[in-house]
Structure formats: C-alpha cells, structure tokens
Amino acid sequence: MSGNIELLSAALAAAKAEGRAALIAYLPAGFPTVDGGIEAVKAVVAGGADVVEVGLPHSDPVLDGPVIQTADDIALRGGVKIADVMRTVREAYEATGAPILVMTYWNPIDRYGIERFTAELAEAGGAGCILPDLPVQESSMWREHAEKHGLATVFVVAPSSKDERLATITAAGSGFVYAASLMGVTGTRESVGEQAQDLVRRTRATTELPVCVGLGVSNARQAAEVAVFADGVIVGSAFVKRILDAADEASGLAAVRSLAGELAEGVRKR
C-alpha cells in the first residue's frame with residue numbers, strides 16, 4: 001500500500017486555493033493514553049485542523065520544550081511503542097481522512113529499521129515523516145524508502161540556516177518545509193517574530209514546496225500573524241497544554257477541539 005503524500009499536498013493546496021494558510025496540529029502518540037491520543041487527533045481535525053503531526057515519544061526530546069517533554073514522559077511511562085504510533089496514525093486517518101504525519105527523532109527509526117518503518121507507516125495510511133535531527137547528507141537511504149512507499153520527507157530549517165544550506169535541505173525534502181520560527185525548543189511564546197518571516201522569504205527563494213511555520217504559535221492572533229506570510233501554521237505545545245491542564249479526558253478533548261476552532265479562524269483572518 002502506498003502512503004498519502006498526495007493527500008498532504010492536496011490539503012495544503014486546498015488551503016492555498018481558499019486564500020489561507022493550513023492549520024497543522026501536533027499531538028504525541030500515547031498521550032494521555034493511546035486511546036486518548038487517538039481521540040485527541042480526531043478532536044483537533046473536527047475543530048478545524050487540516051493536517052496532524054503525531055509525535056513519536058522519545059526519552060531525550062532535545063528539540064522539545066517542557067510541555068511536550070512532560071507529555072512524552074507520560075506516554076513512555078504508559079508503555080507506548082512504535083506499534084501504538086502506527087495504530088494512532090491508522091485509526092486517526094480512517095476516522096478523519098486527514099493527512100497524518102509522524103514527527104520523530106531519527107534514533108527510533110534507525111533501531112526499528114527504515115524499510116519496516118516506512119512500509120508500516122504507508123500501510124497505516126500515513127502521509128510522511130518530519131525528521132528534525134536527520135542530517136540531509138545522511139538521509140538518502142531514508143528518502144529512497146519513503147519515496148518508494150509514497151511518504152513525504154519533511155526537513156526542518158532554522159533562522160540560522162544559510163541560503164546555500166536552505167537550498168540543499170529544500171531540494172531533498174518533499175511535502176512541505178518546516179520552518180522553525182526561532183532558535184530554541186518548542187513551546188508557546190508571546191510573539192512569533194520577524195525572524196520567521198525572513199526565514200520563510202529565504203526558504204521560498206529555494207523551493208516550490210509549501211513553507212509552514214512552527215515553534216511558538218499558541219493562539220488565534222499569532223496564527224493570523226503567521227498566516228500572512230506562511231503556507232501553514234504549526235501548533236503543538238498549546239494543544240498539549242490544554243490536555244495537561246484538563247480535569248479529565250473529556251474536558252481535554254473539548255479543550256483541544258475548541259482551540260483548533262479558534263486557530264482555524266485565525267488562519268482565515270490573515
């Protein structure tokens with residue numbers, strides 16, 4: 001079975017055709033439980049998310065801030081496995097029809113096996129992977145298998161990336177480019193600054209791929225600001241925090257669905 005890279009491209013193109021940025025939500029698999037994580041993905045899509053990134057929890061999430069680290073710890077203590085991540089992708093995709101990617105550090109894939117991982121992700125209906133710590137120059141084997149299975153390979157660019165480096169990264173990627181809005185780890189912030197706008201401008205000069213901005217967006221106002229210059233707005237920590245702060249699972253699901261609705265309005269305001 002082939003993966004859903006074309007579904008991802010279609011979702012981003014549909015948002016562009018509506019004159020807006022796409023809303024991309026991030027949620028870790030296995031958080032607060034495997035079943036609860038699947039329901040959370042369904043809730044953000046019902047609220048208005050166009051695309052969902054499912055995080056593969058990691059014991060040393062160096063690029064993630066304290067909110068996502070806490071969620072990963074809960075998932076890992078709950079015994080989450082790669083099979084649970086695949087199940088999350090499968091059930092979320094079957095229930096929503098939305099493009100579902102996996103965001104993961106490289107080590108779990110390397111240990112699991114590239115061919116096994118890509119084949120299972122495609123079979124589950126996944127659209128691809130975001131690989132924040134895989135160097136492009138070491139990615140050829142991954143990209144070969146991902147392409148064979150119809151999966152996008154999304155690389156991350158940062159404000160520190162020089163123009164020549166941006167061109168190398170975007171030439172190797174597919175699906176979209178993940179533009180980290182600032183140096184540092186994931187988390188909500190008061191503003192998503194000019195660095196992000198400059199990075200999007202420089203990245204667009206190297207590629208036709210959509211450029212989506214993440215790190216720091218947590219509310220409708222920020223989503224609207226980023227939607228002016230980006231093809232997609234990526235929100236993670238704000239969703240995770242709603243679940244962490246909820247009194248119970250039902251109120252957590254209501255909270256993430258509500259936040260998705262607010263952010264979906266934001267990306268339409270521009």
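Predicted model: local features only at pLDDT ≥ 70, side-chain atom pairs only at ≥ 80, totals over all residues.
**Exercise 1. Work out whether Trp106 is buried or exposed.**

Start with the relative accessibility of Trp106, which is 16%. Now the cut-offs: buried means under 20% relative accessible area, exposed over 50%, and partly exposed in between (1.4 Å probe, protein chains only). So Trp106 counts as buried at 16%.

Residues are numbered from 1 along each chain as its sequence is written, and side-chain values use heavy atoms, with hydrogens and water left out.

**Exercise 2. Classify the ring pair of Phe117 and Trp142.**

First, the burial of Trp142: its relative accessible area is 1%, so Trp142 is buried. Next, the geometry: rings of Phe, Tyr and Trp (its six-membered ring) pair if their centres lie within 6.5 Å; planes under 30 degrees apart count as stacked, over 60 as edge-to-face and the rest as tilted. For Phe117 and Trp142 the centres are 6.3 Å apart and the planes sit at 55°, so this pair is tilted.

**Exercise 3. Find which residues form the aromatic cluster.**

Take the pairs: the structure has three aromatic pairs. One of them, Trp106 with Trp142, is edge-to-face, at 6.0 Å centre to centre and 90° between the planes. The cluster itself consists of Trp106, Tyr112, Phe117 and Trp142.
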